Amino acid sequence: MKRSLPLAAATALFLTLAACSRDNQSASPTPVPTPQEKKAAQLQEDNDRQQLDQIPPPSKSRYMAIHTRESWSNPFLVVGKKTVVMRMMNPESPQSGALPGTMLHPAGARRRELTLRLSELNEALAALPEDAWPYGRVIALEEDPTAPRADRIQVRRNVETTIQVLNDLGVVVYEWPSSGALR
């Protein structure tokens with residue numbers, strides 16, 4: 001009995017210390033960016049915006065006529081709880097007289113998906129070639145239709161943040177209905 005008392009006290013002390021150290025780790029503040037980091041981020045955003053400014057303004061008459069995801073040729077964003085999926089159509093390579101038509105370049109083979117963090121969106125959009133924007137500087141966006149109901153609030157917050165990022169870049173946002181097709 002006397003031996004178990006020091007053992008119980010040691011165990012209680014260990015658990016208390018472990019809990020305190022875990023609390024300190026979780027309560028650590030997020031690192032505040034230095035002025036140099038802020039300036040570098042602003043320069044990068046300005047550079048990304050300049051690259052996107054090379055793309056002509058959107059042609060509303062062209063993109064308003066699109067009613068299915070499969071027909072949408074500009075970048076398409078699906079915003080989730082933690083990531084943004086960018087769907088895009090790689091432009092067709094120039095056709096030669098020897099290989100006419102699209103037989104060797106079907107649309108399904110040119111579709112790509114990239115899973116990004118929201119912080120990577122500026123750079124990813126700026127890296128797209130001008131040919132990837134046939135409707136001009138407009139992007140379709142929708143909430144992740146597969147997100148669980150419990151995540152909907154966070155997904156909506158991410159959608160709003162994504163729209164703000166796109167607006168800051170001068171990109172028009174075309175919010176796609178959650179049903180996947182336009183009415």
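Which residues of the largest nonpolar core touch the most other members? Select Leu-77, Met-86, Leu-125, Trp-133 and Leu-166: of the 24 residues in this core, these touch the most other members. A nonpolar core is a set of buried Ala, Val, Leu, Ile, Met, Phe, Trp, Tyr and Cys residues joined through side-chain atoms within 4.5 Å; buried means under 20% relative accessible area with a 1.4 Å probe, protein chains only.

The model is a predicted one, in which local features need pLDDT of at least 70 and side-chain atom pairs count only at pLDDT 80 or more, whereas totals for chains, interfaces and linings use all residues. Residues are numbered from 1 along each chain as its sequence is written, and side-chain values use heavy atoms, with hydrogens and water left out.

**The core and its helix**

Helices (H or I, at least four residues) and strands (E, at least two) are DSSP runs, numbered from the N terminus. H6 gives the largest share, five residues. Apart from this core lies another, of eleven residues, including Trp-72, Phe-76, Tyr-174 and Trp-176.

**The sheet**

Now display the five strands, which form an open sheet of mixed pairing in the order E3-E2-E1-E4-E5. Two strands pair if DSSP finds at least two bridges between them. Strand E3 (111–116) and strand E5 (172–175) each have a single partner strand, so one side of each edge strand is left without a neighbour in the sheet.

Move to E1, where Phe-76 and Val-78 on one side and Leu-77 and Val-79 on the other are all buried. A hairpin of four residues joins E1 to E2, and the two strands pair in the antiparallel sense over four bridges. Within that pairing, Leu-77 has Met-86 in E2 as its bridge partner. E1 and E4, in contrast, run parallel and are joined by four bridges; here Phe-76 is partnered by Ala-140 in E4.

Finally, select E2 and E3, which pair in the antiparallel sense over six bridges.

Terms used
Buried < 20%, exposed > 50% of the residue type's maximum accessible area, 1.4 Å probe, protein only.
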